[in-house]
Amino acid sequence: MATLTSSASHSSQAPFLDLLQPTLNAFTVWRAEQRKRAQIARELATCTDRELFDLRVQRADFPAIINGTYTR
């Protein structure tokens, strides 16, 4: 009888998990994007002023570069 109770309990959680899955997927995608943005910010922060000058980029451009909206 104990297995019957545990399986009934599990099946009652399935709709909740079905509702939660899109939220978890969205969070996973968002978190991956945040990691990517942080990596770009770290890379840019390590550049010297001379390197940025050679790339024709200013430090004020960093937010646009990180957001993907930078244009020349």
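Reader: Leaving aside its neighbours within four places in sequence, which residues is Leu 44 in contact with?

Author: This is a predicted model, so read every value as computed from it. Leu 44 touches Arg 59, Phe 62, Ile 65 and Ile 66 once neighbours within four places are set aside. Leu 44 also belongs to the largest nonpolar core.

Reader: Which residues make up that largest nonpolar core?

Author: There are 6 residues in the core. They are Leu 44, Cys 47, Leu 52, Val 57, Phe 62 and Ile 66.

Reader: What percentage of the protein chain is buried?

Author: Of the 72 residues in the protein chain, 10% are buried. The accessible surface comes to about 6100 Å². Carbon and sulfur atoms hold 62% of that surface.

Reader: What is the secondary structure, and in which pattern does it run?

Author: Count the elements, then read them in order. The protein chain has 3 helices and 0 strands. Along the sequence the pattern is α-α-α. Helix H1 covers residues 2-46. Helix H2 spans 49-55 and helix H3 spans 62-67.

Reader: How many salt bridges does the structure hold?

Author: The structure holds 2 salt bridges. In one, Arg 59 pairs with Asp 49, and the closest N and O atoms are 3.1 Å apart.

Reader: Why does the pair of Arg 59 and Asp 49 tie parts of the chain together?

Author: Look at where each partner sits. Arg 59 lies in the loop between helix H2 and helix H3, while Asp 49 lies in helix H2, so the pair links parts 10 residues apart in sequence. Arg 59 is partly exposed, at 38% relative accessible area. Asp 49 counts as exposed, at 54%.

Reader: And how far apart are Arg 50 and Asp 54 in helix H2?

Author: Arg 50 and Asp 54 are 4 residues apart in helix H2, about one helical turn. They form a salt bridge, with the closest N and O atoms 3.4 Å apart. Arg 50 is exposed, with a relative accessible area of 54%. Asp 54 is partly exposed at 44%.

Reader: How is a pair of aromatic rings described?

Author: Use the distance of the centres and the angle of the planes. This structure holds 1 aromatic pair. Phe 27 and Trp 30 form that pair, at 5.8 Å centre to centre and 35° between the planes. The arrangement is tilted, because the angle falls between the cut-offs of 30 and 60 degrees.

Reader: Where do Phe 27 and Trp 30 lie?

Author: Both lie in helix H1. They are 3 residues apart, about one turn of the helix.

Reader: Now the backbone. Which residue other than glycine has a positive phi near 60°?

Author: Arg 56 has that phi value. Arg 56 sits in the loop between H2 and H3. At 63% relative accessibility, Arg 56 counts as exposed.

How values were computed: Residues are numbered from 1 along each chain as its sequence is written. This is a predicted model: local features need pLDDT of at least 70, side-chain atom pairs count only at pLDDT 80 or more; totals for chains, interfaces and linings use all residues. Side-chain values use heavy atoms; hydrogens and water are left out. Helices (H or I, at least four residues) and strands (E, at least two) are DSSP runs, numbered from the N terminus. Buried means under 20% relative accessible area, exposed over 50%, partly exposed in between (1.4 Å probe, protein chains only). Accessible areas come from the Shrake-Rupley method with a 1.4 Å probe; for residues, only the protein chains shown count as cover. A salt bridge is a side-chain nitrogen of Lys or Arg within 4 Å of a carboxyl oxygen of Asp or Glu. A nonpolar core is a set of buried Ala, Val, Leu, Ile, Met, Phe, Trp, Tyr and Cys residues joined through side-chain atoms within 4.5 Å. Contact means heavy atoms within 4.5 Å. Rings of Phe, Tyr and Trp (its six-membered ring) pair if their centres lie within 6.5 Å; planes under 30 degrees apart count as stacked, over 60 as edge-to-face and the rest as tilted.
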